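Subject: Structure handover

Dear colleague,

I am passing on the structure we discussed. Please look it over; my notes follow directly below it.

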Amino acid sequence: MKELQHLNKYFLKYKFYLIVGIIITIAARIFLLFTPRYVKKIFVAIERGSSGEISKEVFKYELSEAIAYIIGAAAIGAILTFFMRQTIINVSRYIEYDLKNEIYAQYQKLSLNFYKKNRTGDLMNRISEDVGRVRMYAGPAIMYSINTIALFVIVIIYMINASPKLTLYTILPLPILSVIIYKLSKEIHKRSTIVQEYLSKLSTFTQESFSGISVIKAYGIEPQTSSNFITLASQSKAKQISLVKVQAWFFPMMILLIGASNLLVIYIGGMQYINGEIESLGTIAEFIIYVNMLTWPVATVGWVTSIIQQAEASQKRINEFLKIKPEITNTTEATTNASGNIVFNNVSFTYDDTNIQALKNVTFSIKQGETLAILGKTGSGKSTILDLIGRLYDIDSGSIKINDISLNKHNLTNLRDSIGYVPQDAFLFSDTIKNNIKFGKETATEDDVINAAKNAQVHKNIIKFNNGYDTVLGERGITLSGGQKQRVSIARAIIKSPEILLFDDCLSAVDTETEEKILKNLNKISKGKTTIIVSHRVSSAKNADKIIVLDGGEIVQEGTHETLVNIAGYYKDLYLKQLSENTSGTS
Ligand SMILES: Nc1ncnc2c1ncn2[C@@H]1O[C@H](COP(=O)(O)OP(=O)(O)OP(=O)(O)O)[C@@H](O)[C@H]1O
């Protein structure tokens, strides 16, 4: 229960509902317990009526009085049971909501390294299935426990009052029932976890094969994919059947034990009646109802124990993530200004997970209003430089300063607000084009969106779609071409009008003519702002105020286009190669 203590703050938050729920639960049990007592009264009335002790009229009156009480108490008990669920189960839904929000907020705070170390499926599981299991503890488990305790205490008092000896015999099989249900629940849980694993394997497989359907069709591997699916599906079926086998034992065991208890009541009660130890057959009827009333709550003791164990394990997994301290944290609440010169001084950086040293003693600077182009072979560390400016990772050694302030002394929110970043793989949400662009600035007007799209040279494409800017992208909507995606992503960055613009090879999928138009627009937009363009094309770099060439994480060339084309090296080779490609393309 140590891990589940995390929920105490929520129980405290919803204490009012819980207390009301507990009171209602106890009251509901009291009312439901009217039935056996009045059934006994009916039996006594029948006995007295048949022996002539009371007249027919008195018998009828006693009978209808008992029936009225039974109906009335059952109706009140039912209404209270409704409110019992409305309070306690609702609390569990509130806690589920709060806990999901807490986990999601924590996920948002955690740095990229966390996401690399943990699989998406695992992150999803903890916020959905694990929270679901914890909810079973916060709601049903608590409700059934209170229910069982209340019922047990009241029923046992009533039973002992009626006949202590009969009470002892009739409750004897109940602990056995509890233990059996506990064992069954544990086994059911074990097998259903395996079933869940197979279901998620199956859904991952189908999801991947739908997303990769064009590759599957192009390579003609449908039969292979189908047979892989059949293998997975039949394994999943086998696990389901093994689960059903155990589940099938649940109700027969209940019926067997209820039957055994009933027989005990009838046999021992009968003997006691014959021996004159109980005064009426009504007591036997009353006990039979008690035993039946107790069976389900007692069975739930086993069930609840297994729910608590599962919830404890799930909460442990949730706590593991909640306890992680974000690697990148804000160090100041004061507002900082992230415009100005960007200075890298001897910066080295190694990725934690791969141990790849992406940057080695990198030193450069860009003045406010200038454009820097970064070129280099793939894997040379270009994107890493952009990630470090956005403080997605902290450096190992050296320093990065913006506006003469160390990056880690900048207010993180201000810093990221000042950056417009276009990643290498343009990611667009399943939403309208307009909202995808506005994502960069929630308060943007319709005109801002159109302007940004015009500057990114994508406006003309967008208005050709039937729904224009309201066209939905993604699974339910239209798929943009690679170049269109990149340009929407550029529009998203420039709509913010940020102080620092970071473009990570984001013109790779557009033709050189469009590239030139975009660069021209960017040149106008980025007046007074600091711009870094990562590219594999000389055409994107040639107008930059400064160009650096990286190789294996080190700067191997630095200068302007004019200087670098005249020095032997990577830049000149690339320039000549792309020049000859262009001339052969146009000839
Ligand atoms: N998130 C990451 N985790 C671990 N290693 C990484 C990560 N990103 C990049 N690397 C490694 O760091 C090195 C530099 O990668 P980076 O993405 O900065 O290169 P790049 O010059 O931008 O390459 P490209 O031109 O192909 O985009 C590479 O060896 C890469 O494998």
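A residue is taken to be near a molecule if its C-beta atom, placed from the backbone, lies within 6 Å of it. Around the ligand there are 16 residues, and those that come nearest are Tyr 351, Thr 378, Lys 382, Ser 383 and Thr 384. Please keep in mind that this is a predicted model.

The ligand shell

Helix H12, residues 382-389, gives the most to the shell around the ligand, with 3 residues. By class, the shell divides into 9 polar, 4 charged and 3 nonpolar residues.

The annotated domain

UniProt, in an unreviewed entry, places the feature "domain: ABC transmembrane type-1" at residues 19-310. Over residues 19-310 the chain is 92% helix and 0% strand.

Helix packing

H3 with H11: helix H3 covers residues 34-50 and helix H11 covers residues 281-322; they pack at an angle of about 160 degrees, with their axes 8 Å apart. Angles over 145 degrees count as roughly antiparallel, so H3 is roughly antiparallel to H11. The crossing of these two helices is right-handed. Sorted by class, the contact of H3 with H11 has 8 nonpolar, 5 charged and 3 polar residues.

H6 with H11: H11 also packs against H6, at an angle of about 155 degrees and with the axes 6 Å apart. That makes H6, too, roughly antiparallel to H11. H6 passes H11 in a left-handed crossing, whereas the crossing of H3 and H11 is right-handed. The contact of H6 with H11 is made up of 23 nonpolar, 8 polar and 5 charged residues.

H2 with H6: the axes of helix H2 (residues 15-32) and helix H6 (residues 120-162) come within 9 Å and cross at roughly 40 degrees. H2 and H6 are therefore oblique to each other, and their crossing is right-handed. From H2, the residues Ile 22, Thr 25, Ile 26, Arg 29 and Ile 30 meet Met 143, Ile 146, Asn 147, Ala 150, Leu 151 and Ile 154 in H6. The residues of this contact divide into 8 nonpolar, 2 polar and 1 charged.

Regards

Technical notes. Residues are numbered from 1 along each chain as its sequence is written. This is a predicted model: local features need pLDDT of at least 70, side-chain atom pairs count only at pLDDT 80 or more; totals for chains, interfaces and linings use all residues. Axes are lines fitted to C-alpha atoms, for helices over the stretch in contact, and angles run from 0 to 180 degrees between N-to-C directions. Helices (H or I, at least four residues) and strands (E, at least two) are DSSP runs, numbered from the N terminus. Angles under 35 degrees count as roughly parallel, over 145 as roughly antiparallel, 65 to 115 as roughly perpendicular and the rest as oblique. A crossing is left-handed if the near helix is turned anticlockwise from the far one by less than a right angle, and right-handed if clockwise. Ala, Val, Leu, Ile, Met, Phe, Trp, Tyr, Cys and Pro count as nonpolar, Asp, Glu, Lys and Arg as charged, and the others, Gly among them, as polar. UniProt positions are given in the numbering used here, feature names are shortened, and annotations may be inferred rather than shown by experiment. Two residues are in contact if their C-beta atoms, placed from the backbone, lie within 7 Å.
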